[in-house]
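Colleague: I have just opened this model and would like a close look at a single part of it. Please take me through the loops, with the helices around them as a setting.

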Amino acid sequence: MTLLAERPAVFDGSPAHEHEAGPSGFLKWITSTDHKVIGKNYTVTALIFFLMAGAMALLIRAQLASPDSTLLSQHTYNEMFTMHGSLMIYLFVGPVSFGGLANYIVPLQIGAPDMAFPRLNALSYWLYLGGGSLMMMGFLTTGSAADFGWVAYAPLSNSINTPGAGPDLWIVALILTGFSAIFTGVNLVTTIYYLRAPGMTMFRMPIFTWNMLVTGILILIAFPVFTSALVLLWCDRHLGAHIFEVSGGGVPVLWQDLFWFFGHPEVYILALPFFGIVTDVIAVFSRKPIFGYRGMVFATISIAALSTSVWAHHMFTTGVVLLPFFSLMSYLIAVPTGIKFFNWIGTMWRGSVKFDTPMLFCVGFLVTFLVGGVSGILLASPPIDFATHDTYFVVAHFHSVVMALVMGAFAGFFYWYPKMTGRMLREGLGKATFWLMFIGTNVTFDPQYLLGLKGMPRRIAEYAASDGFTTLNRISSAGAVLLFLAVLLFLVNVFVSWWKPIPAGDNPWDASSLEWATTSPPPHHNFLRIPPIRSQRPVWDYNHPEDRILEHAKPRPVGLVASAGTGTVLLEDVRLDGPDTPETWDPDR
Amino acid sequence: MRVESFVLLFVGFFFGLVGAVYWLWSHEDAGSIMLLGTFLLGGVPGLYYFWWSRRMSPRPSDNPDASLEDGAGAVGAFPGSSVWPFVLGLGATFVALAFVFGAWTLAVGLFLAVAALVGVVYESRRGGLV
């Protein structure tokens, strides 16, 4: 281990940026090209879609809480699960990560003044909002909103089986949001490639930024396929193109190929940003560098690459896919994901772990994602998939996965909310939110594994009392109420922080990456000064001059060799008087 | 720039390999074509970046020992605020509506889109450096 000979004692001065006095209020909303404003717009809009989709989920669970339910008609039920899935997948989980949090945080983490293409960034947001509004407009049409499931399988999605404007609105909405995502992907990759601060080499970037780079590339691989497939579907519906219809010589299963070539990478477009958040948050709250930094980077790249070669594992039961190839590739994903779990635990190992709300959500993420991941490995086996395909087992599997991602998102909200607003969220309410969400997730979705194994098919509006599904469905619906309360508490928390603000200070978590070097919220163009970047933890190095700076680019033997690793350093570093609470924060320290 | 190029080259390498194996094993068209496209998506810019990285001197952000002074100067042009992305987004939304409800919104959408393009071009002439 090499110690650098000298450490600059003060910030290197950088030219001060003139503070731009732009418009405020509504005008700011529609004219700003500042990545922070756009990031906040994205986050708030995505949360609104999340609340709408959550309300639909509650209706679905209310319908299924009792046998032979007549609360919703079959048709309305179809609309509900279609729009619930579409809003959650296309308009919430993805946009809140790559449009919201990444947009806000990535330029800060690499020391950039903005995204590379600020106006393109703003256009992304408006296409996303326009697309989302068009999709919701389906409810206002005389027919109905889209009701063919979020996957829109051919031939169910043709103009005979699902006629009307609602499905068409769904199609053009997703073309708009598809372009929005592609532009954001271009922006992220270019920003990370070209706007890093001096000294911020690729292998010094925070893992969140690394994951957003890989997510950006994955967006560029996946979304164009989907957007083109939607154009083909529109041609089928309106021009009689017969691309996905047997009657004109088309191939219905081609839709599934195109859709899942997008759809499976999409799962990782949703997941990788939250892997990044979890990695950074665990390191900060364990007060250690990330264990196996390069392993994390290579695992991310491997997961992304493999995820684009497994699309047909969603199509095992079509009978026309190469089972051994897709099964094998699906199993392989478990290896880099396992490396990530190993490294997450390794980061916590012998650390001085503080269970603040973001960290709690990360631990909840680990547990929930493990459940979803292991059930996913089961489904990668064709015989098991044949038996459980289109049952609630699959529903439970991917809800375990996405609820883990939602916990990752909440970890991100709680972690970066002080940076974005300059105010703290309340810890007590936050912890209550976590426990309600964690327990609620398990109560809602664990019974669905059993329901699936008992043979309950997905996407049915009713079941008979004699089917024996009633009790488990009741439990599941009760869990949904807990999830509702969790989200409600989060909103209360945001309201309280607005009503009675606790100032956050620049770096309330004593975190290590560059976004914590600037003010909360950051000024226009982000930085007045940037600390020297000599390791993966520039802000930690600056705030803890007594700690040793490790030579760049050398893997750190964290935790393996106690005398050489940070184990020793950490023991010296534990502060007996406890961390700074927001009330005692001294900005002049 | 080398690490950046390797990331893209890996995409090209991996999907070239997987695409070849998949095609030889399955002879399935759709997936093979998409894997070929992904191979090109990674390989072509990756090779360009690699070619370029060998000809350029390392940037301050590639240099682990760079100080902030090394990166002094204009970072790029960042427009402060602009209404045209909103206008273009609104125009695109109206154009999209035309594909559902018929033609009249097309006129509104195209008008807004063209207005936005003109606006952006004129605005860019006034853009300042940061």
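Modeller: Happy to! Helices here are DSSP runs of H or I with at least four residues, strands are runs of E with at least two, and both are numbered from the N terminus. Please keep in mind that this is a predicted model.

With that numbering, chain A has 16 helices and two strands. Of the 589 residues in chain A, 57% are buried. Counting contacts in chain A between residues at least 6 apart in sequence, 82% join residues at least 24 apart.

Let's start in the loop between α4 and α5 of chain A, where Pro155(A) is found. The peptide bond from Ala154(A) to Pro155(A) is cis, with omega at about 0°. There is another cis bond, between Ser520(A) and Pro521(A), where omega is about -10°. Pro521(A) sits in the loop between α14 (470–499) and β2 (529–530) of chain A.

In total, 56 residues of chain A are in contact with 48 residues of chain B. On the side of chain A that touches chain B, at least two residues each come from α1 (25–31), α4 (118–137), α5 (165–194), α6 (207–239), α7 (252–286) and α8 (293–307). The largest share, eight residues, is supplied by α4(A). By class, that side of chain A has 36 nonpolar, 13 polar and seven charged residues.

Buried residues in α1(B) include Val7(B), Leu8(B), Val11(B), Phe14(B), Phe15(B) and Val18(B). An α-helix has 3.6 residues a turn, so residues three or four places apart point the same way. Among the elements that cover the buried residues of α1(B) are α5, α6, α8 and α9 (323–348) of chain A, along with α2 (29–53) of chain B. Just after α1(B), His27(B) has a positive phi of about 50°.

Positive phi turns up in the loops of chain A as well. Arg287(A), in the loop between α7 and α8, has a phi of about 55° although it is not a glycine. Is Arg287(A) buried or exposed? Arg287(A) has 23 other C-beta atoms within 10 Å, so it counts as buried, the cut-off being 20 or more. Asp390(A), in the loop between α11 (382–388) and α12 (392–421) of chain A, is also a residue other than glycine with a positive phi, near 60°. Asp390(A) has 12 other C-beta atoms within 10 Å and is therefore exposed, since that class takes 12 or fewer.

α7(A) packs with α9(A) at an angle of about 20°, their axes lying 8 Å apart. The two helices are therefore roughly parallel, and α7(A) passes α9(A) in a left-handed crossing. From α7(A), the residues Phe275(A), Val278(A), Thr279(A), Ile282(A), Ala283(A) and Ser286(A) meet Lys340(A), Trp344(A), Thr347(A) and Met348(A) of α9(A). By class, this contact has six nonpolar, three polar and one charged residues.

How values were computed:
Residues numbered from 1 in each chain as written. Chains lettered and ligands numbered in written order. Predicted model: local features only at pLDDT ≥ 70, side-chain atom pairs only at ≥ 80, totals over all residues. Contact = placed C-beta atoms within 7 Å. Nonpolar A, V, L, I, M, F, W, Y, C, P; charged D, E, K, R; others polar. Axes fitted to C-alpha atoms, helices over the stretch in contact; angles between N-to-C directions. Parallel < 35°, antiparallel > 145°, perpendicular 65-115°, else oblique. Left-handed = near helix turned anticlockwise from the far one by under 90°.
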